Amino acid sequence: MLEVHGLEAGYGDIQVLWGITLYVDGGAFAALVGPNGAGKSTLLKTLAGLLQGKAGSVLFDGREILHLSANERVKQGITLVPEGRRLYPGMTVRENLMMGAYTRSDRKGIGKDLEQVLLLFPPLLEKLPTLAGKLSGGLQQMCAIGRGLMSHPKLLLIDELSLGLAPLVVKEIVRIIRQINGAGTSVFIVEQDVHAAFSNAQYGFVLEGGRVTNSGKAQALLEDERIKKAYLGM
Amino acid sequence: MVFIQILLDGLLLGGVYAVIALGFSLVWGIMNIINISHGAFVMLGAYATYWITTRSGIDPFVALPITMAVMFMAGALVQRYIINYVVRAPASMTVTLTFGIQLLIVNLALGAWTANFRSITVPYAGARFFLGPFLFPYTRFFIFLIAFLLTAVMHLFITRTKTGAAIRATRMDLESAKLNGVNIRRIYIITFAVGAALAGAAGGMIAITYPISPMMGFSYLAISFIISVLGGLGSMAGPLIGGLIFGLIEALSSFLIGTGYKDIVAFTLLVVILLIRPSGILGREYY
Amino acid sequence: MVVLQGIQVTKHFGGLNALLTVDFEVRSGEILGLIGPNGSGKTTLINVISGFYPISSGQILFKGYPIHTLKPYKVANLGIARTFQVVRPFVQLRVIENVLVGALFGKNNLKVGVKESFRKAEQVLDLVGLSGKVDSPSGSLTLADRKKLELAKALAMEPELLLLDEVMAGLTFNEIEETMDLIRRINATGVTLLVIEHVIHAVLNLSHRIFVLHHGEKIAEGIPHEIVRSPQVIEAYLGQEYAKAYQERSDA
Amino acid sequence: MVKDFEKKNLLFLALICALGVLPLGIGVSTIRILTSVFMYIVLAQSWNIIGGYTGYVSFGNALFFGLGAYTTGILMLRLHTPFVLGLLASSAVAFGAAFLIGIPVLRLKGHYLAVATFGVAEALREVFNNLRKLSGGGEGLSFPLPAGDIRQVSYLFYYIMFILAILTMMMAYYVTRSSAGYAMVAIREDEDAANVMGIHTTKYKTLAFCLSALFTGVAGGAYGYWVTFIEPNNVFSINISVMMVIMVLLGGIGTLWGPVIGAFLLEILSDLLISRILEYHEAVLGFIIILVVLAAPRGVMEIVKDRKKFSLSYFLENIRKYQA
């Protein structure tokens, strides 16, 4: 579904990604891990169209999308849940969720998806009229993922899912993401927490210094000593 | 008695001020651009109303929506082909650029329409009614109502419509808005065009009550500054409340200290508020 | 001798405890490593030491003198320099002029003239290995060179205590080796260092002592080899489950 | 290197000498234009110190011009002080005003600073419109007429503005090469980073503001005596504040020679326009402002420094740089 070949990107003169090649199959749950500064967020921003890739190709459903803008990619079916949630703090939870459906005009479909999101994340229901800026971290992450789902994506990209969340909350959200994935949406998460990433994904990639240094079945990666080395240097 | 009448006059005038500042603070708040040419847009709106009224003979109040539509288009064009290219530029560039636009518009208007004052005469110009001992001219009273109406419509537009939500979203988190599929450029065009339409409405309202000339805009720019700072940039109610407060302050200071000093009071107020509370008296963190 | 001492340092942001009653000390002449996962409060600690944020409660003493109420420039004038994680060169100045600013102000603060400060800046650039790029516009440097420049700016201030915030993030293996070497040489000239680093193997090799922050609290402190074996640290970095699994594997 | 330096200096000296004897050979109206160019060099270069080098974009620097004009005027008219003493007083008043205004106002940044400086200038304009006894209020203030025939008078002001321009240039030259100058540029580039490097930012921002006021005030005093009649709406005008900004942008912001080039080009151009199309000259000026900001916001200096840049793609790149 998503095929990335030799992708190079960065900020201004500073190149961060050096020829990234990876893929996400239709319906898959894929994960990418890597230490701080490896270029994880840069990769996702480039995939979502917030940053322009300098070279390489990004194929989505067989179509080249490297030069599409962010809003065009949303229409194609790629949605990014950004690092740090990035909700609209002065909008209510409902308004935030509805902003997720901004590109859609099928009222019925939107209504159905809103119901679906509230089923997936029941705690959001009573918070609908609350300003998003006043939610706890876990609820914010739920709202952010819910907002992403409201665009009815084919591929959901999630950046730093576990950042700043208590382990139990992470577990709960990961469970829901598996549910989302089970319903047919492809999921690609980028994580620092190796376990949260690889114990749930089918396969994964390791990013170091702007390059993919390792990839394969998630279970195998989880047991790979090299990952620990990348993190703890032992 | 006289004192209360003066306050009432101040309030009525404050309504017009509110509409002048409404578009200005919208553009400032959403796009982070101080539009120095806002006063020139007010002037263009005044002339549009004037020409529509004098040429076609329709009532100036009826001409207001037409004026707004014309100014909306003008604003959209200016945003698309000029301002769009400096939206991310530092203040030195945006302020200077919009000053240039102002200079261009005002001097073209001077060339086309001369510096002479013109006024719209309506048959009901002198009509008034009394509420107890207090006097209300009909035109000013209507204008005051329209100011409220426009503020209410803007409030509904910003809070209840999808486009309004996208405008607020763009203001709160640009990247998130992009990720939700908002076309930022289009949002900016709509925002600036609405700002211009509101400037046009204000200009029309001024043309109904005062003589107009191409040079009229600048003092309204200054008023926009003051009211935006007074009311803060966080809401649609800000300019209304700021405008009413400013109308009162202006009336009071002319009455108590003298007409010559009202601008000193106004500008001193502007600077003092900026220093004490730059987000304005009613300013909110979020739009 | 203790150069810098933090007593019950606490910093709230709204309801969030970025730092919670953290006690720490930096001893004269040492390299102290500060590690912890993302969002654990490392950068916040540097920000409060350098006077960027006021602390919510507690005390920070520099050579026994309280500095937690001082403005950043005062802290700098006393002899504490810092770098920024996201480097902040003065983009429109040449490389040497960037460093010159540090030499002119910093600890000496105007006691040295412009000419002499230029010479000082040249020496520092030599030390960090940027002598070939003295006149380059600083905006045109590569990331590795920008990191070096960030270090040079701080070094030119002639600090007694240098706070380094992830100077190795984003560098290649060789560049990291170079930087480690450089930090050792700086330390050898008598500068005390507090080093935040995510490149763990570097910080383990480099530091005399290490302390670990997690969720704004100190969870461990000690010499490098003990630290990496601490279950709390492994858990903080790799998650509870991973730590458990790792423990089982190494037991087996 | 040394030779290069000497060549530059020689060129500069030759230019000064040429401009020094130039008025002897040209008509009074040309002298007048050049006098005006020199005055705007003073204003633009002064603004450049706070707006260009320090990055605090003031839109109210006309207030120093106005204060200077009125200080000299009031002293000459009411106390019959000599002109030169008036100028000295103007510099002191402008400097002092900048100090008092700068400390609170320079805490603001960006748009808020722009609006606040504009507000202070407008408030002062209104104050002088109302100080009838002291300043003549809105009716303006007439200076004593300078002695001599038209040509002699035009020489006098030519040389006054010429010397002021040289002094301002020298100030800019020496300040930007001093530690204070480096502090100012560091503040512009990244105020927080400057702060942690040990720079007392408030001190240097205020200093920059005071220096930018100094010769602006003197130029105001000289201007009043030159044109013999001033009114608040004229000398405190936002147009003067904006002209300073435009000239610096046109020439090259934060450069030594940018303000000179900008003042020269814009003053000559606006004079040409006035003589050709009086009615629309300000409209054309507005158009030029728009073009400069869009296509060459870093001014002529950048193109002078690197002539290869002078191409369509350079301008297109500038236009695209800040778009949404």
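Analyst: In chain A, strand E1 (residues 2-11) and strand E4 (residues 55-60) pair in the antiparallel sense over five bridges. Strands here are DSSP runs (E, at least two residues), as are helices (H or I, at least four residues), numbered from the N terminus; two strands pair if DSSP finds at least two bridges between them. The model is predicted: local features need pLDDT of at least 70 and side-chain atom pairs count only at pLDDT 80 or more, while totals for chains, interfaces and linings use all residues. Residues are numbered from 1 along each chain as its sequence is written, and chains are lettered from A and ligands numbered from 1 in the order in which they are written.

A:Val4 stands opposite A:Val58 in E4(A). E1 and E4 belong to an open sheet of four strands in chain A, in the order E2-E1-E4-E5, with antiparallel pairing. Strand E2 (14-24) and strand E5 (63-64) of chain A stand at the edges, each with a single partner strand, so one side of each has no neighbour in the sheet. Helix H1 (residues 40-48) of chain A packs on this sheet and touches E1, E2 and E4 of chain A. The direction of H1 makes about 70° with that of E2(A); axes are lines fitted to C-alpha atoms, for helices over the stretch in contact, and angles run from 0 to 180 degrees between N-to-C directions.

Chain A and chain D do not touch, and their nearest C-alpha atoms are 12 Å apart. Chain B and chain C do not touch either, with nearest C-alpha atoms 14 Å apart. Among the four pairs of chains that touch, chains B and D have the most contacts. That contact takes 39 residues from chain B and 39 residues from chain D. H4(B) gives the most to the side of chain B that touches chain D, with 14 residues.

Definitions and conventions:
Two residues are in contact if their C-beta atoms, placed from the backbone, lie within 7 Å.
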